[in-house]
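User: I am new to this structure and would like a close look at one part of it. Please start with that part and then place it in its surroundings.

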There are 2 protein chains.
Amino acid sequence: MLGERILLGPGPSLVPPEVTAAMAAPMVGHMDPDLFPVLEETARLLRQVFQTANELTLAVSGTGTAGMEATLLHMVKPGERLVVCSAGFFADRLIEIGGRIGAEVVRVEAAWGRPIDPADLERALGRLGGGRTTVAAVHVETSTGVLHPIADLARVAHAHDAAILVDAVASLGGADLPTDAWDLDACYSGSQKCLSAPPGMAPVTVHTRTRGRFRPATFYLDLEGLWTYWGAPHGYHHTVPVSLVYAMREALRLVAAEGLPARVERHRRMTRALWAGLEAMGLELLVPEPHRSPTITTVRIPAGADDAKVRTRLLREYSIEIAGGLGPLRGQIWRIGLMGYSCQPKWVLALLGALEAVLTAEGVRLPKGDAARAAAARL
Amino acid sequence: MLGERILLGPGPSLVPPEVTAAMAAPMVGHMDPDLFPVLEETARLLRQVFQTANELTLAVSGTGTAGMEATLLHMVKPGERLVVCSAGFFADRLIEIGGRIGAEVVRVEAAWGRPIDPADLERALGRLGGGRTTVAAVHVETSTGVLHPIADLARVAHAHDAAILVDAVASLGGADLPTDAWDLDACYSGSQKCLSAPPGMAPVTVHTRTRGRFRPATFYLDLEGLWTYWGAPHGYHHTVPVSLVYAMREALRLVAAEGLPARVERHRRMTRALWAGLEAMGLELLVPEPHRSPTITTVRIPAGADDAKVRTRLLREYSIEIAGGLGPLRGQIWRIGLMGYSCQPKWVLALLGALEAVLTAEGVRLPKGDAARAAAARL
């Protein structure tokens, strides 16, 4: 068994003790009649956090990438067009999976660290011919820390009769995501970020208008098949990971108990405090303030600091996990997540203190600003 | 939280306390350097239980059906031929998934409750033209309780230059499965049956000769992609369900501590004792003795007994789960699993006693034989 970690990377987040206890409950069968109300409560709580009335709302038995693949397979028939709003690693993954499942993929791009401009999507859709189009966009791009303007992108998509599918892996439960108010066609997430359940389940919701169009080239990730199990009368589909369902339900109960608006505000407040602390330390944030995610922060690695060495010292000397950059941002940035149970005042201050200590020990010259005081004033 | 259950259905099985404790360990990141040795130990222990030297041996982040789909996607390119040895519900699932992923599916059939005759496979393969062929067979068909003659089917497949893929969901860790000695091309299983880990991971192993043929139409279930994470140097693929990896490793350590031959013998002995008890009670087993699985037993529902009512009483009055039949065997049989941690003398006797009591209370006339004594003599 590994030592305890303070998980402040882009996920998984720390798991509350109530959720761990729920996961360790005695095993029951996936067809046990007493499990069915647990599924129903989980689906109901997922609808609350997705802010949707969509019937087909469930947790896929796999991690966030399984949710991505299941939703793409549900939305995009082979040969149909998939327009990906691409400005990071996980948008690239949408492109990769789109290609593998036979979609005709079109990219609308922005630089990594900047949001997609809805006018660019508008132009791209205007240039395309007829035929069904699905637009895919990432709400919080985990690789860059950008919060993309989903409401605007959805409006543009619908104005062109395109469907819109949203990756909410790093936002659901931590940033406002009104699925129905934004009129999204489909949305997926992961259990292990702002919801603070263990990794292994992927919440998904799809609008009625997307349903029954065709039979996807998958059985395990077929959302209609999964719904035959999650929805009454609960026919057999596959053996769900019962322990993770228990954990997910408990995590969602904690979200409901806190209240979604209060939870979103907590993420916003803690993350702003982190920004203030990092900037007081003289570090530069990658993303301009209006486009920063309230869940994942990206900070440029200062001159003189060794990426891997700093992260290793944080892990070994302070048990703190943060992450490095992906793709073109490798070696350029660190990624700090304050999500779910990891999003607490004590961890903001612990991280700022530890990072300052490690950078100083590594000989990086920092200004005399007091990071902890700057952050604490905003917590 | 539901009450405790004695899980004697076709899975999930009871989970040993050591495995539950391992699952509840503090969360760590999927890229934590200290997690990589855990992955490597898990893969090494999986090779032991699969009795293989195959490098690409790992646990897919999904349940048994995910293992089935991942392995089919790895083995069978769209348009290639898939010959399914079909005599039950899970063989039908292979056919279903094969169809969805674009395979040209051919069936070789036997009645549900009887094994596939290798001579029938021989004839079917002899009739087929050229082109790559994969034969798929189910080792223990969970829906019928039949142990299929995999060694013979593999010999026939190879004699016709076909590859062979084996479903070991209900046998791995409970019945002998010498992957290399039988020269299998690929094999998959589930975590929640004879291995007694919680559901949510699917052990898979594939032979080197199956690798690198083509890029499958999946990202999440792409075994080569998964191997980039499970194998050194452990690049990022997706966020594995860390808690379930811990649980799986602990479950496999328990298998290694018991010793695979001793474990297989335990399953054989307990299940034979169950047969003796059921027959002493005057009940009839579905499968002729030479073809019976040592892990799952199927027994005909006696005249006068109401399938659902008897199972409900077992669950409500004795906290015992067994399962009904699937497909054409619905209402005809009960399925009793003695797998992993559920395969213990006390549960054999508890089940026999409870079943006798419920059947008697339901007015079913049973002969005067002493089921418990008949079983206990063989435990």
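Which residues of α10(B) are buried?

Analyst: The model is a predicted one, in which local features need pLDDT of at least 70 and side-chain atom pairs count only at pLDDT 80 or more, while totals for chains, interfaces and linings use all residues. Residues are numbered from 1 along each chain as its sequence is written, and chains are lettered from A and ligands numbered from 1 in the order in which they are written.

The buried residues of α10(B) are Val310(B), Arg311(B), Leu314(B) and Leu315(B). A residue is buried if 20 or more other C-beta atoms lie within 10 Å of its own, exposed if 12 or fewer, and partly exposed in between, with C-beta atoms placed from the backbone. Helix α10 of chain B runs over residues 307-318; helices (H or I, at least four residues) and strands (E, at least two) are DSSP runs, numbered from the N terminus. The 12 residues of α10(B) reach 16 Å from the first C-alpha to the last, close to the 16 Å expected at 1.5 Å a residue. That expected span is 1.5 Å times one less than the number of residues.

Looking down the axis of α10(B), the buried residues fall within an arc of 130°, so they line one face of the helix. The arc is that of the directions from the helix axis to the C-beta atoms. An α-helix has 3.6 residues a turn, so residues three or four places apart point the same way. The face of α10(B) turned away from the buried side carries Ala308(B), Lys309(B), Arg316(B) and Glu317(B), which are exposed. The cover over the buried residues of α10(B) includes β12 (320-321), β13 (323-324) and α11 (345-361) of chain B. Here two residues are in contact if their C-beta atoms, placed from the backbone, lie within 7 Å. After α10(B) comes Ser319(B), with a positive phi near 55°.

Chain A has its own α10. In chain A, helix α10 (residues 307-318) should span 16 Å for its 12 residues at 1.5 Å a residue, and this agrees with the 16 Å between its end C-alpha atoms. Buried in α10(A) are Val310(A), Leu314(A) and Leu315(A). They cover an arc of only 130° around the axis, which puts them on the same side of α10(A). On the other side of α10(A), the exposed residues are Ala308(A), Lys309(A), Arg316(A) and Glu317(A). The buried residues of α10(A) pack against β12 (320-321) and α11 (345-361) of chain A. Ser319(A), which follows α10(A), has a positive phi near 55°.

The next step is how the two chains are arranged.

The contact between the chains takes 51 residues from chain B and 51 residues from chain A. On the side of chain B that touches chain A, two or more residues each come from α1 (17-23), α3 (64-75), α4 (89-100) and α8 (242-258) of chain B. The largest share comes from α3(B), with 4 residues.

Within chain A, the division is into domain 1 (6-10 + 259-376) and domain 2 (17-258), with bounds that come from an automatic or database domain assignment. The centres of these two domains of chain A, taken over C-alpha atoms, are separated by 28 Å. Their contact takes 25 residues from domain 1 of chain A and 26 residues from domain 2 of chain A. On the domain 1 side, α9 (260-280) and β11 (296-300) of chain A each supply at least two residues, and α9(A) gives the most, with 5 residues.

Some loops have backbone details to look at. The peptide bond from Ala232(A) to Pro233(A) is cis, with omega near 5°, and Pro233(A) lies in the loop between α7 (223-230) and α8 (242-258) of chain A. In chain B, a cis peptide bond with omega of about 0° joins Gly11(B) and Pro12(B).
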